[in-house]
Amino acid sequence: MRRETTRGNEGGRAAHDPWAEQRRAMVQRQLRDRGIRNERVLEAMGRVPREKFVPEESRAQAYADRALPVGEGQTISQPYMVAVMLEMLDPRPENRVLEIGAGSGYQAALLGELAGEVYTVEIVEPLARRAEAILRELGYDNVHVIYGDGSLGYPPRAPYDRIIVAAAAPQVPPPLREQLAVGGRLVAPVGSRYAQRCILLERRAEGSAETGGLECVFVPLRGEHGWREE
Ligand code: SAH
């Protein structure tokens with residue numbers, strides 16, 4: 001897990017954080033009050049500075065109860081949706097995690113707080129670069145950003161204990177199933193182009209179990225196992 005850096009408030013020397021109150025309110029009203037119970041997820045979302053991952057022009061909205069544009073036609077998901085998916089994923093400190101769709105890097109930072117080692121793949125190069133820069137600046141040394149087609153997974157570090165897909169696919173891309181460790185969990189929005197369900201897939205020694213979750217709307221997964229470009 002990421003080591004504590006000088007960002008914390010412990011020690012009493014930290015500068016006043018003007019966003020702290022909004023972050024606390026977001027955790028209480030958007031997450032706890034709506035039933036998010038995983039304390040590690042709640043704590044991580046109370047720590048990661050979401051405002052850093054949001055473009056300058058929408059920064060005032062950083063803790064709003066909605067998805068926000070991050071450029072290149074992509075979005076940073078609504079905090080509640082992020083929490084639901086992380087709760088389904090249940091990343092543990094000893095886990096190696098693969099994320100498909102780094103986008104702003106926000107969810108990758110949360111994964112960096114919750115898991116041992118994180119690989120996040122992004123198909124849009126400027127987004128991959130920006131996410132990488134912010135994650136470095138914030139000291140998430142256990143998070144690795146890879147520019148490429150995540151519908152193929154990331155074979156060099158497979159298998160993964162946890163895989164989370166942040167873009168919608170018609171089905172779980174076969175390479176991701178293959179790169180999931182036995183006993184591992186995969187969370188992905190699966191369905192049509194404009195409406196999906198977040199599913200949880202658990203890989204067993206023999207076969208796998210799939211459970212359907214919340215309805216959701218994600219941007220389409222591109223690449224070889226995603227939607228064809230229009
Ligand atoms: N997790 C992000 C939100 C992701 S939005 C955050 O916290 O901000 C979905 C992202 O998936 C977009 O950035 C999009 O460019 C990316 N994407 C779509 N298809 C992809 C693919 N095949 N491989 C990697 N990234 C992909």
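Ala67 is partly exposed, because its relative accessibility is 35%. The cut-offs: buried is under 20% relative accessible area, exposed is over 50%, partly exposed is in between, with a 1.4 Å probe and protein chains only. Where does Ala67 sit? Its place is the loop between α2 (39–47) and β1. Helices here are DSSP runs of H or I with at least four residues, strands are runs of E with at least two, and both are numbered from the N terminus.

What does Ala67 touch? Leaving out neighbours within four places in sequence, Ala67 is in contact with Thr75, Ile76, Ser77 and Gln78. Contact means heavy atoms within 4.5 Å. Take Gln78: Ala67 and Gln78 are eleven residues apart in sequence, and their C-alpha atoms are 4.1 Å apart.

Some ground rules before I go on. This is a predicted model, where local features need pLDDT of at least 70, side-chain atom pairs count only at pLDDT 80 or more, and totals for chains, interfaces and linings use all residues. Residues are numbered from 1 along each chain as its sequence is written, and side-chain values use heavy atoms, with hydrogens and water left out.

Now the whole chain. There are six helices and nine strands. The C-alpha trace spans about 50 × 40 × 35 Å along its principal axes. The radius of gyration is 17 Å, and this agrees with a compact globule, because 230 residues would give one near 17 Å. That radius is taken over C-alpha atoms, and the globule rule is 2.2 Å times the number of residues to the power 0.38.

How much of the chain is buried? Buried residues make up 50% of the 230. Of the contacts with a separation of 6 or more, 58% join residues 24 or more positions apart. The accessible surface is about 11000 Å², and carbon and sulfur atoms hold 49% of that. Those areas come from the Shrake-Rupley method with a 1.4 Å probe; for residues, only the protein chains shown count as cover.

Charges next. The chain has 31 positive and 33 negative side chains. The centres of the two sets lie 2 Å apart. Lys and Arg count as positive, Asp and Glu as negative; His and the chain ends are not counted. Each charge is placed at NZ of Lys, CZ of Arg, CG of Asp or CD of Glu.

On to the cysteines. How many disulfides are there? The count is zero, with a disulfide taken as a pair of cysteine sulfur atoms within 2.5 Å. Cys198 is buried, because its relative accessible area is 0%. Cys216 is buried as well, at 5%.

Now backbone geometry. Most residues other than glycine have a negative phi, and most peptide bonds are trans. Here are the exceptions I want to show. Glu72 has a positive phi, near 60 degrees, and is not a glycine. Glu72 lies in the loop between β1 (68–71) and β2 (74–76). At 46% relative accessibility, Glu72 is partly exposed.

Asp90 also has a positive phi, about 50 degrees, without being a glycine. Look for Asp90 in the loop between α3 (79–89) and β3 (96–100). Asp90 is partly exposed, at 23% relative accessibility.

Which residues does the cis peptide bond join? Ala158 and Pro159, with omega at about 0 degrees. Pro159 is in the loop between β5 (143–147) and β6 (160–165).

Val124 touches Glu72, Tyr147 and Arg222, not counting residues up to four places away in sequence. Val124 sits in the loop between β4 (117–122) and α5. Is Val124 buried or exposed? Buried, because its relative accessible area is 10%.

Last, two more distances. Ala133 lies in helix α5 (residues 125–137) and is partly exposed at 45%. Its C-alpha is 16 Å from that of Gly101, 32 residues apart along the chain. Ser192 is in the loop between β7 (180–191) and β8 (196–203), partly exposed at 40%. Ser192 and Glu132 are 60 residues apart along the chain, and their C-alpha atoms are separated by 30 Å.
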